[in-house]
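Trainee: I have not seen this structure before. Could we go through it step by step?

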Amino acid sequence: MRRPAPARRSAAVKLVGPQQWILLPALAVLAATLLLATPIKVFGLTLPEPVLPMVLAFAWPLIRPSLLAPLALLVVGVMVDLFWGNRLGLWPLGLLSAYAVVLISRPFIAGQDTRFLFAWYSGVAAVAFFIVYLVTSATAGQPPSLIALFFQYLPTILVFPAANWLIERFDDGDLRFR
Amino acid sequence: MSLRESPFENLRVPLGWSAGGALVVAIALAVFLLLSDRSEADEPGHSSARDTFEAGAAPISGIFAAPVRWLGQASDYVDDYFFAVSENRRLREELADLRAERDAVVALRNLNQQYEALLGLRVEPDVPLVTARSVSEARGPFRRARLIDVGRSRGVEVGNPVINEHGLVGRIAGTSGSVSRVLLVTDVTSQVPILIDRTDARAIMRGDGSGNPRLEFARGSDAIQAGDRILSSGDGGLMPRGLPIGVAARGIDGTWRVKLFSDRGAIDFVRVMLFDSFAQLAQGAALDSPPLAGLNTAPPPTPEVSARINDAQGRRRAEEERRAEAERADRERAAADARARAAEASARQGQATDAPPPATGGTTE
């Protein structure tokens, strides 16, 4: 039996490096966060402020459990805290909690349809917001407004299509991910 | 024996377990950061990585935000085009109202200046302002803050109040050489002592991450009514008294809240008041001076004034002496007349006693 040439074999195997599924999405999320922090009003309304790194916290553990992803999520969370002026470690804790929930539940939700994933994403985001809410209440001495909380939670779950796109783009994108 | 030849050659840690280990380490680091973070407001003078990050993030944010700013300008253009007529009508009505207000203000200002001069009041001096542009804004429930493009190099310090053309926006919570962070009055950690203009009642305005901060600790049963104007009280020396903040309104949760004046204006330009406490307003020499400085004695007179005063006093004394002399002469003349009348009367009485008494029962011719 004739063996395929090494060059052709390497071309057939699709490899996805960490810079493609970790670094570039992280940079894109940070850039979008910078954009949405612009202090302008469009037709009398300010821009929404979703917690965009929630997309990464949901998609990364579903794509592949990784050593790098939690540390990258920590760095992204710290950058968001620095940029928004939060207490350092606030959003890293919330994002990593969401990551942990998805990582533990990965065997149950991998391969589910989009509606189920959206419901799970909403629940995971709620867990992260709840943790951040508790920490803020403890450090500030009073709880933040639940209405204001809802108006950040809503755009956060509305960016689910970005998380879904990321999962579909990289899930099974590399043989080693299986 | 190398690892490749050892019995552990085929030992592999499952990927899930290694990811879990990394996750635990990352969470521990996040908790450590959370517990160890101290803001500049907590520790004044504390310069941190946060300052460096903000100094670097501001220009990058400006570049990223350029297309969004263009979008905002385009929407403003569309707004102006479609709403110019109604805006013009509203402004005419407002102008008619404000003309009467202006006349009243001019009269009251004049009267107030007279009272201040009369009472020798020490009024607060003008506070210098620095205009700044907002570079970015956090609008979430957990932090409401802005980055502005002025810093320590322009004299901005932690604690300086920040206003726009309509009212109070917040105060400086951190500053670096060229960038500062403004903690908005709506932030969950913001507390501002306020007064209600109608009743002069005091209260605390606390942000909760929503657009309308709460009013707490208001004294009196009828201290607040809907529509009452809210001003900064200046209590505690954090900011000057009388900065306009907003009007009182009932929230949907039944608590008193403030509709902020600062929401009416553009959100990209603000002014920083270079005022950090009442200590900067107080001047040692002024404090050491006696109270009611306006009632001090006059300065000593010049020689010319002294001469005029002496001349006037001499004239007054001479006039008084002349009057006294005339009165004394009048009195002596009156006394001499009285004595002469008394002597004449006694002489007539003496003649009458020497003559014989008339006969009784006889006839007269």
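**Two chains and their contact**

Mentor: This is a predicted model. In chain A, 48% of the 178 residues count as buried.

Trainee: What share of the residues in chain B is buried?
Mentor: Chain B has 365 residues. Of these, the buried part comes to 26%.

Trainee: How many helices and strands does chain A have?
Mentor: Along the sequence, chain A reads α-α-β-β-α-α-α-α-α-α-α. The totals for chain A are 9 helices and 2 strands.

Trainee: And which elements make up the secondary structure of chain B?
Mentor: Chain B also has helices and strands. Its secondary structure comes to 4 helices and 12 strands.

Trainee: In chain A, what percentage of contacts between residues at least 6 apart in sequence joins residues at least 24 apart?
Mentor: For chain B, with a separation of 6 or more, residues 24 or more positions apart account for 57% of the contacts. For chain A, the share joining residues at least 24 apart is 72%.

Trainee: Are helix 3 and helix 9 of chain A roughly parallel or roughly antiparallel?
Mentor: Helix 3 covers residues 53-63 of chain A and helix 9 covers residues 160-170 of chain A. Their axes are 9 Å apart and meet at an angle of about 20 degrees. Angles under 35 degrees count as roughly parallel, so helix 3 of chain A is, relative to helix 9 of chain A, roughly parallel.

Trainee: Which classes of residue form the contact of helix 3 with helix 9 of chain A?
Mentor: From helix 3 of chain A come residues including Phe58(A) and Leu62(A), and from helix 9 of chain A residues including Leu166(A) and Phe170(A). No polar and no charged residues take part in this contact, and its 10 residues are nonpolar.

Trainee: Which helix of chain A gives the most to the side that touches chain B?
Mentor: The contact takes 47 residues from chain A and 48 residues from chain B. By class, the side of chain A has 33 nonpolar, 11 polar and 3 charged residues. The most, 9 residues, come from helix 4 of chain A.

Trainee: How far apart are the end C-alpha atoms of helix 2 of chain A?
Mentor: Helix 2 of chain A has 19 residues, which at 1.5 Å a residue should span 27 Å. The distance between its end C-alpha atoms agrees with that, at 26 Å.

Technical notes. Residues numbered from 1 in each chain as written. Chains lettered and ligands numbered in written order. Predicted model: local features only at pLDDT ≥ 70, side-chain atom pairs only at ≥ 80, totals over all residues. Buried ≥ 20, exposed ≤ 12 C-beta atoms within 10 Å, placed from the backbone. Contact = placed C-beta atoms within 7 Å. Axes fitted to C-alpha atoms, helices over the stretch in contact; angles between N-to-C directions. Parallel < 35°, antiparallel > 145°, perpendicular 65-115°, else oblique. Nonpolar A, V, L, I, M, F, W, Y, C, P; charged D, E, K, R; others polar. Expected span 1.5 Å × (residues − 1).
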